[in-house]
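Q: I have a protein model open and I'd like to learn how to read it. Could you walk me through it, one feature at a time?

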Amino acid sequence: MRKFCAAFMVMAAITSNASAKEAITLGTGDSLPFASVGSDGAPIGVLGDASSQLLQDMGFEAQATKLPFARLYNSIHSGEIDVAIGVLRTDERAGKALYSDPILTTYNILVVKKGNGFDYASLKDLSSKKIGGRRGFAYPTLEAAGVSVEPAKDDDTNMKKVLAGRLDAAIISSIAFLPRLDQSDIRSKVELLPLAVGVVPIGIALADERFSAEDVARFNEMLSGYKASDAYSQALAKYGIADYVKDWPVAE
């Protein structure tokens with residue numbers, strides 16, 4: 001009997017260790033359908049669902065916290081958090097953390113008042129236009145082309161300016177704002193121009209104090225399979241963006 005109890009305890013210990021997840025801290029902004037934190041403290045949104053599932057498959061249990069977007073990069077680069085969701089890789093940032101492949105790619109597209117559309121083949125063709133964007137957002141491709149962007153506090157403010165003729169066009173996200181615009185009363189009063197003015201690949205970052213290059217390579221490999229699965233398609237539908245995740249032609 002004693003031998004049986006001892007064997008059972010060993011088996012229980014092995015099972016417990018095998019199922020235990022390593023706790024990690026995860027930070028995200030509050031920007032659905034991309035990512036946020038649910039009422040139960042779990043990450044939600046397309047990026048939140050994907051990251052949580054893949055990290056769990058890698059043996060980690062994420063404890064999520066909501067952070068202002070302005071703090072997200074400093075927090076992951078300093079090691080204050082282990083994972084940041086909804087971030088963009090740049091060469092400079094890649095030296096401070098391990099950035100994943102994109103989970104979602106959104107495009108910066110132009111909205112104009114209906115009937116006020118204009119042609120442009122390159123970004124430099126926009127230099128004479130009055131273009132509105134979001135305060136706190138960067139538009140590096142436009143800046144490099146010498147195009148000035150007038151900042152506003154939110155997309156709704158820019159839509160009012162477009163309708164009032166105070167802007168020639170406003171930049172919106174093809175995923176974050178376009179679905180809401182399509183459901184709004186003003187959709188019939190505006191039109192979309194055909195060429196995007198920027199590409200925004202969004203993924204996660206892993207703190208290099210906690211993770212290795214092999215870890216992010218493993219995450220990317222699993223992410224590739226996830227994006228080809230029904231789970232990814234279901235997540236896009238769940239958050240109302242299945243029809244908006246697509247490639248846009250981009251002005252050079």
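This is a predicted model: local features need pLDDT of at least 70, side-chain atom pairs count only at pLDDT 80 or more; totals for chains, interfaces and linings use all residues.

Q: What is the volume of the largest pocket, and which residues are the closest to its centre?

A: Its volume is about 1,200 Å³. The lining has 41 residues, and the closest to the centre are Phe 69, Leu 88, Phe 137, Val 200 and Ile 202.

Q: Which elements give two or more residues to that lining?

A: They are α3, β5 (83-87), β7 (104-113), α5 (140-144), β10 (169-173) and β12 (198-206).

Q: Next, the rings. How many aromatic pairs does the structure hold?

A: To read a pair, look at the distance between the ring centres and the angle between the planes. The structure holds four aromatic pairs. One of them joins Phe 69 and Tyr 73, with 5.6 Å from centre to centre and 85° between the planes. Planes over 60 degrees apart count as edge-to-face, so this pair is edge-to-face.

Q: Where do Phe 69 and Tyr 73 sit relative to each other in helix α3?

A: Both belong to helix α3 (residues 69-78), and because they are four residues apart there, about one helical turn separates them.

Q: Are Phe 69 and Tyr 73 buried or exposed?

A: For this you compare the relative accessibility with a cut-off: under 20% means buried, over 50% means exposed, and partly exposed is in between. Phe 69 has 45% relative accessibility, so it counts as partly exposed. Tyr 73 has 10%, so it counts as buried.

Q: What about the pair of Phe 118 and Tyr 120: what is the angle between the planes?

A: The angle is 50°, with 6.0 Å from centre to centre, and the pair is tilted. Phe 118 and Tyr 120 are both buried.

Q: Which residues put a charge over a ring, say that of Tyr 73 or Phe 118?

A: Over the face of Tyr 73 you'll find Arg 93, at 3.8 Å from the ring centre. Over the ring of Phe 118 sits the charged end of Lys 129, 4.5 Å from the centre of that ring.

Q: Can we try single residues too? Where does Ser 100 lie, and is Ser 100 buried or exposed?

A: Ser 100 is in the loop between β6 (98-99) and β7. Its relative accessibility is 10%, so Ser 100 counts as buried. If you leave aside neighbours within four places in sequence, Ser 100 is in contact with Gly 203, Ile 204, Val 216, Phe 219 and Asn 220.

Q: And in which strand is Ala 64?

A: Ala 64 is in strand β4 (residues 60-66). Again leaving aside neighbours within four places, Ala 64 is in contact with Leu 26, Val 37, Gly 41, Ala 42 and Pro 43. For a distance, take Ala 64 and Ser 75: they are eleven residues apart along the chain, and 13 Å separates their C-alpha atoms.

Q: Let's zoom out. How many helices and strands does the chain have?

A: The chain has nine helices and twelve strands. Taken along the principal axes, the C-alpha atoms fill a box of roughly 85 × 35 × 30 Å. Of the 252 residues, 42% count as buried. Among contacts with a separation of 6 or more, 72% are between residues 24 or more positions apart.

Notes. Residues are numbered from 1 along each chain as its sequence is written. Side-chain values use heavy atoms; hydrogens and water are left out. Rings of Phe, Tyr and Trp (its six-membered ring) pair if their centres lie within 6.5 Å; planes under 30 degrees apart count as stacked, over 60 as edge-to-face and the rest as tilted. Buried means under 20% relative accessible area, exposed over 50%, partly exposed in between (1.4 Å probe, protein chains only). A charge sits over a ring if NZ of Lys or CZ of Arg is within 6 Å of the ring centre and within 35 degrees of the ring normal. On a 1 Å grid over the protein atoms alone, a cavity is a set of points where a 1.4 Å probe fits but cannot get out, and a pocket is an open set with protein on both sides within 12 Å along at least five of seven lines; lining residues have an atom within 4 Å of a point. Grid points are joined across faces, edges and corners, and a volume is the space filled by probe spheres set on the points. Contact means heavy atoms within 4.5 Å.
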